[in-house]
Amino acid sequence: MHTIKFPIVTGREKEKILAKGFRAMARFHNIMVREARRRLRHLQHDPEYQRLKAEYGQAAERKEEIGKELNQLTKQYGLIEKDLWKYASVHQKKHPHLISSHQAQEETSRVYQGVCKVLYSDGKELHFKRWDDIHTIASKSWNGLRYYDPYHTEYYKKNTIPKYQNEIEYHGCQFKVKINWNDPYVKESMQHEISYVQIAREMFPSGWRYYVILYLEGDAPVKHRSKEGVAGLDPGVSTAAVVYNDHCELIELAPDCKSYNRRIRILQNKIDRTMRIHNPQNYNEDGTIKKGDLQWNISKTCWRDKRKLTTLYRKKAAYIKQSHERQINVLMKDANTFILEEMNFKALQKRSKKDMEKTEKPVEVKKKDGTKKTIRKNKRKRRFGSSIQDRAPAGFVTILKRKCSQAGGAVIEVSTREFKASQYDHSKNQYIKVPLSQRWKTIKNEKGEKCRVQRDLYSAFLLKNSNKNRNTPDRKKCIKEFDGFVDHMNECIEGIKQTNTSYPACFGF
């Protein structure tokens with residue numbers, strides 16, 4: 001299944017209709033969240049549930065039996081999808097002109113996913129949403145949101161006469177959809193059957209703009225062709241190193257994301273200043289916000305700046321995704337199969353669990369009275385949260401998997417604990433742990449000569465030359481191809497240096 005998005009042509013009156021629908025969907029979502037939270041609270045306070053959950057955590061043999069008892073208990077409290085659908089149908093019938101039964105069921109399914117996270121994963125609590133946090137009106141089938149165009153006439157009913165050539169019908173109102181039929185990608189994509197339709201909205205400085213998203217059966221048309229081949233890939237937090245048979249690539253993920261961060265920071269500071277000027281009664285003397293229910297006065301300029309801020313966040317996310325797509329298209333020109341290590345990027349976001357430590361070097365600090373004092377600062381416990389937010393390395397791997405499968409290849413993930421590409425030295429046939437700050441290694445070639453290699457590219461080289469079981473590097477193959485890799489690596493690094501562009505410190509040069 002793949003998606004394609006087209007803009008909806010709206011005027012002021014039709015924008016009001018769509019805005020009213022999104023507000024109704026936000027109210028409906030919060031009604032379902034409130035009911036799900038109530039049921040979860042009753043379940044979690046049940047002594048039987050508490051006892052079974054404690055036994056499940058300690059049991060080694062009876063886990064399956066206890067799991068069945070826990071599932072039976074959750075069914076008694078109505079925390080299954082069908083029971084939530086029944087509750088949703090009652091509230092949907094109160095506003096049938098704004099929310100159809102298909103839309104209500106799909107939104108309820110989204111709430112149920114949150115319930116599953118609380119019950120079976122690391123979710124803590126379901127959260128309510130503001131009306132502007134709802135970005136899509138979903139549907140389960142074509143009947144939920146009816147879409148018409150000349151390519152899909154089999155969906156038309158006998159008495160259906162579309163007002164426009166391309167339109168979407170939302171509760172009796174027709175909206176024109178802008179489609180460029182001269183685009184060959186659109187023509188080829190629209191020949192697939194429609195599974196279901198969604199209405200989406202995105203924030204711009206002038207306000208909301210609305211789109212129709214078609215979910216089509218089958219894979220998307222292939223724009224970029226790739227050769228058959230195998231390459232080693234070492235994905236980092238902000239970089240990706242790739243080694244092919246005849247060359248290497250070392251790229252920075254989403255290189256222009258920092259420019260968006262600067263603009264976002266300037267707007268945030270401006271909004272904060274405006275809010276403090278117009279609402280001094282809501283702030284304490286130390287500048288913190290008072291607790292409790294507060295009334296906020298927001299000027300028109302502040303509202304406009306908030307829309308600009310939302311737009312910047314949207315543009316940043318779109319840029320990161322587009323940058324990943326383009327970089328992967330370039331990487332896949334010479335290979336359609338990539339070998340990489342499994343990476344849990346979510347775990348890298350968490351703060352370090354080590355005790356607070358002092359820095360080794362003393363720092364001179366100037367006090368308010370002008371005197372100077374020498375101190376040793378605490379080491380930061382933060383890790384890679386901001387880098388992961390800016391670069392989205394997990395999204396890079398997800399897009400790579402999709403594109404490789406479309407090109408007839410695959411992404412082969414090996415176990416990090418078994419392979420240990422960052423620690424292995426094929427010349428010594430040993431695993432030597434090195435600090436993350438060390439970006440270069442010294443490896444001996446077949447003649448015994450010492451060669452300096454970039455850490456990430458060397459890891460990608462080892463992954464490319466893994467054995468058949470994909471659990472360790474193939475040492476004989478590594479020794480045979482190492483001299484060629486060093487030449488390709490030097491060419492790659494020299495080409496990067498000649499661009500005279502600033503690169504992250506993790507490149508090592």
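Contact here means heavy atoms within 4.5 Å. With that in hand, welcome to a few close-up views of this predicted model.

**View 1. Helix α14 and the elements it packs against.** C478, F482, F485, V486, M489, C492, I493 and I496 of α14 are buried. The buried residues of this helix pack against strands β9 (239-243), β10 (248-252), β17 (440-444) and β18 (450-454), and against α13 (455-464). An α-helix has 3.6 residues a turn, so residues three or four places apart point the same way.

**View 2. The length and bend of α14.** The helix covers residues 475-498, and its 24 residues should span 34 Å at 1.5 Å a residue; the end C-alpha atoms lie 33 Å apart, which agrees. Look for E481, where α14 bends by about 50 degrees. After the helix comes N500, with a positive phi near 55 degrees.

**View 3. Helices α4 and α5 crossing.** The axes of α4 (residues 81-92) and α5 (residues 101-120) come within 9 Å and cross at roughly 135 degrees, which makes α4 oblique to α5. From α4, the contact is made by E81, L84, W85, A88 and Q92; from α5, by S101, A104, Q105, T108, S109 and Y112. The crossing is right-handed.

**View 4. Two alanines with positive phi.** Most residues other than glycine have a negative phi. A254, in the loop between β10 and α7 (257-278), has a positive phi near 45 degrees. This alanine, A254, is buried, with a relative accessible area of 0%. A392 sits in the loop between α10 (385-391) and α11 (393-406), and its phi is positive too, near 50 degrees. A392 is partly exposed, with a relative accessible area of 23%.

Notes. Residues are numbered from 1 along each chain as its sequence is written. This is a predicted model: local features need pLDDT of at least 70, side-chain atom pairs count only at pLDDT 80 or more; totals for chains, interfaces and linings use all residues. Side-chain values use heavy atoms; hydrogens and water are left out. Helices (H or I, at least four residues) and strands (E, at least two) are DSSP runs, numbered from the N terminus. The expected span of a helix is 1.5 Å times one less than its number of residues. The bend at a residue is the angle between axes fitted to the seven residues ending there and the seven starting there. Buried means under 20% relative accessible area, exposed over 50%, partly exposed in between (1.4 Å probe, protein chains only). Axes are lines fitted to C-alpha atoms, for helices over the stretch in contact, and angles run from 0 to 180 degrees between N-to-C directions. Angles under 35 degrees count as roughly parallel, over 145 as roughly antiparallel, 65 to 115 as roughly perpendicular and the rest as oblique. A crossing is left-handed if the near helix is turned anticlockwise from the far one by less than a right angle, and right-handed if clockwise.
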